Amino acid sequence: MPSPPSPPERTAVPLESPFQEPGTQVTVILPEQPARRIVLALPVEKGDGHKYGHALAEIGRLPAALRAGTVFAAPTFSASPWLVNHATRTDRRQEDHLVRVVVPTVLALLDAQAARLPVHLLGFSKGGFAALNLLTRHPALFAAASVWDPSLLSDRPPHPQLADAAGSTGRLDEYDVRLNLRRHGGALRAACRIALGGIGTLEADWTAGHRLLDSLGIPHHAYRDAPADHRWDAAWLAPAMRHLLTLETRLHHGPARGEGGKREGLSP
């Protein structure tokens, strides 16, 4: 019997960032094949916490075909990572840390062609919240977002952690993902750039998110055939990556013949 493949090699790069407390890093898995894309695995815990599993360990369990040509990068943050900029604390500007430090650091690890590679977002729970926010706020930097069991797409009050990360009511409003989809939805209507997956713990958020995207006319692929525990798990990562690769193909080549401008949302 052949031995199982060894896990992909990881490279941890310490970061010196004016936007975070000392000690953050980004861990990268480089593909054996030429890089064709970058996927940022957005965390749900501060530091290198593993209470909800380990993103890169689960990514390493994916079939080789779903990892081929992909640079996976997992950044850390010094506080609960909602990917928002704190209203007053310069060492808790999480969005700036990702956009201005993490992404350039990952690009610098690659060859000169890296600037042309699409950068995608992958996450669940608060990482799914962050991915959709980042896509709306930086549609020219990020190509697509694949999220599973995303948080705060239903109409419940903001999570206390999010309120603390924002630091003020005004800043909290600035990062309301539902409002941002309304504010910036125009940039997302030209092509399907969102895969919205479930079912985990937050089924109400999946349903609310699907309905909101439909009502705003934002093309998306909504699926809920990936049941898994609310944690990093190859059980939901595999379909999330498959859908992300499909989004990328269609962004490059357009919809299949006969699809025209059809929206990708599926009925709940």
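Visitor: Which residues touch the most other members in the largest nonpolar core?
Guide: L40, L98, L121, F142 and L181, out of 52 residues. A nonpolar core here is a set of buried Ala, Val, Leu, Ile, Met, Phe, Trp, Tyr and Cys residues joined through side-chain atoms within 4.5 Å, and buried means under 20% relative accessible area with a 1.4 Å probe, protein chains only. This is a predicted model, with local features needing pLDDT of at least 70, side-chain atom pairs counting only at pLDDT 80 or more, and totals for chains, interfaces and linings using all residues. Residues are numbered from 1 along each chain as its sequence is written, and side-chain values use heavy atoms, leaving out hydrogens and water.

Visitor: What is L98 in contact with?
Guide: Beyond its neighbours within four places in sequence, L98 contacts L40, L42, P75, F77, L83, V103, P104, L134 and F142. Contact means heavy atoms within 4.5 Å.

Visitor: Switching to α4: how many of its residues are buried?
Guide: Eleven of twelve. Helices are DSSP runs (H or I, at least four residues), numbered from the N terminus.

Visitor: Which residues of α4 and α7 make the contact?
Guide: α4 and α7 pack at about 25°, their axes 9 Å apart. Axes are lines fitted to C-alpha atoms over the stretch in contact, and angles run from 0 to 180 degrees between N-to-C directions. So α4 is roughly parallel to α7, a term for angles under 35 degrees. F129, L132, N133, T136 and R137 of α4 meet V177, N180, L181 and H184 of α7.

Methods: Buried < 20%, exposed > 50% of the residue type's maximum accessible area, 1.4 Å probe, protein only. Helix = DSSP H or I, 4+ residues; strand = E, 2+ residues; numbered from the N terminus. Parallel < 35°, antiparallel > 145°, perpendicular 65-115°, else oblique.
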